[in-house]
Each structure stands twice: as structure tokens, then as C-alpha cells.
Amino acid sequence: MRNLKLLLLCAAIVGCAAVAVYADNSVLSKVLERYQAEGAASFSAENGEKMWTQKFNSDEEPLIRSCTTCHGTDLSKQGSHAKTGKIIEALAPSANPERFTDEEKIEKWFNRNCKWTLGRECTVQEKGDFLSFLSSK
Ligand code: HEC
């Protein structure tokens, strides 16, 4: 019983911390909480940033790919799609408040972009790290 109370208290504190950080975006905190429920540890914006610029090899053109291939390195600026040349609006929520406010959209694009860039789906840990990095911009 005592342990249970302690556990609940911990959950409440951790929950509050997560909500405090992402208070302005409930979708984002919901997504990050789900990733942790699905096995991710705590998230690292630093790891997300490293992976953002990491280069991956592909058998098809372009042979070298990274997230920056389409989104660029300055997240407060527009990017441009590597294949179609279409403008991609800034990913930084500070420049584009619409960002990371739609769970389905987040998952749809993680799915496509991870496959295109890494040649595989991203893990929940990687997605959480990416979101921690991107949402801090
Ligand atoms: C081939 C081009 C391309 C690459 C490479 C790419 N993206 Fe994207 N990304 C897009 C497009 C197009 C959209 C959807 C258009 C938009 O939201 O403006 C998008 C949207 C997103 C979104 C949704 C943002 C939101 O508003 O919810 C996330 C998250 C994202 N990308 C992350 C990544 C990550 C992480 C990588 C690297 C693993 C990556 N992208 C690489 C083209 C790309």
C-alpha cells in the first residue's frame, strides 16, 4: 500500500514536469507520453539534433540523405523538398505555431521521412528525441 502511494506520487510529479515543459502544446506532450508508454526512456534534444544532421546512405538518388536535405539546418526558415522542389514551411514552432499540433500528421510524416532518410522506420526513442529537439526551436 505504501509503495503504491509512493508510485502514484512519483507518477504525478513526473506527469507535472512533462506538462510544465510542453504546457503550450498538449498534442506534443500526449505523443511523448505515448512513446514512453511504448518503451522509450527520457528524451534527449541533443541526440535529436545530432541525428537531424546525420547522413545516411541510399541506393537511389540522392545517395546521401539527412533530415536537412528537405528541411535545412535553420529550422526557423523554409525548406525545399529534395525531389519536387516544393517549399516546406519552417518546422520551428517559434516561427510556425501550427507545428506538432496534429498527432496524425506527426506520425504520417515521421513514417514517410524516416523511411526515406534512414531507410527504415524510426524508433519511439528516436521520434521523441527528434520532437524534443524540433519543439525547442
Ligand atoms: C524528402 C523530403 C523530406 C525529408 C528528407 C524529411 N522531411 Fe520531414 N517533412 C517533409 C514534408 C513534405 C513534410 C510535410 C509538409 C509540411 O509539414 O510542411 C514534412 C513534415 C515533417 C514533420 C511533421 C511536422 C508537423 O507539423 O507535425 C515532421 C515531424 C518531420 N517532417 C520530421 C522529419 C525528420 C525527423 C526527418 C529526418 C529523419 C525529416 N522530416 C526528413 C519532407 C521531408
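In this predicted model, the largest nonpolar core holds 14 residues. Val-31, Leu-32, Phe-130, Leu-131 and Leu-134 make the most contacts inside this core. Helix 2 (26-37) and helix 6 (124-135) each supply at least two of the core residues. Helix 6 provides the largest share, 5 residues. In soluble globular proteins, nonpolar side chains tend to be buried together.

Take Val-31 as an example. Leaving out residues up to four places away in sequence, Val-31 touches Glu-103, Ile-106 and Leu-131.

Next, the ligand. The shell around the ligand has 19 residues, and Cys-67, Cys-70, Trp-109, Asn-113 and Thr-117 come nearest. Helix 4 (68-71) and helix 5 (103-118) are the elements that give two or more residues to this shell. Helix 5 gives the most, with 8 residues. By class, the shell divides into 11 nonpolar, 5 polar and 3 charged residues.

| Site | Torsion angle |
|---|---|
| Peptide bond from Glu-61 to Pro-62 | omega near -15 degrees (cis) |
| Phe-100 | phi of about 55 degrees (positive) |

Pro-62 lies in the loop between strand 1 (56-57) and strand 2 (64-65). Phe-100 lies in the loop between strand 4 (87-88) and helix 5. Phe-100 is not a glycine, yet its phi is positive.

Is Phe-100 buried or partly exposed? Phe-100 has 19 other C-beta atoms within 10 Å. A buried residue needs 20 or more, so Phe-100 counts as partly exposed.

Notes:
Residues numbered from 1 in each chain as written. Predicted model: local features only at pLDDT ≥ 70, side-chain atom pairs only at ≥ 80, totals over all residues. Core = buried A, V, L, I, M, F, W, Y, C linked by C-beta atoms within 7 Å. Buried ≥ 20, exposed ≤ 12 C-beta atoms within 10 Å, placed from the backbone. Helix = DSSP H or I, 4+ residues; strand = E, 2+ residues; numbered from the N terminus. Contact = placed C-beta atoms within 7 Å. Near = placed C-beta within 6 Å. Nonpolar A, V, L, I, M, F, W, Y, C, P; charged D, E, K, R; others polar.
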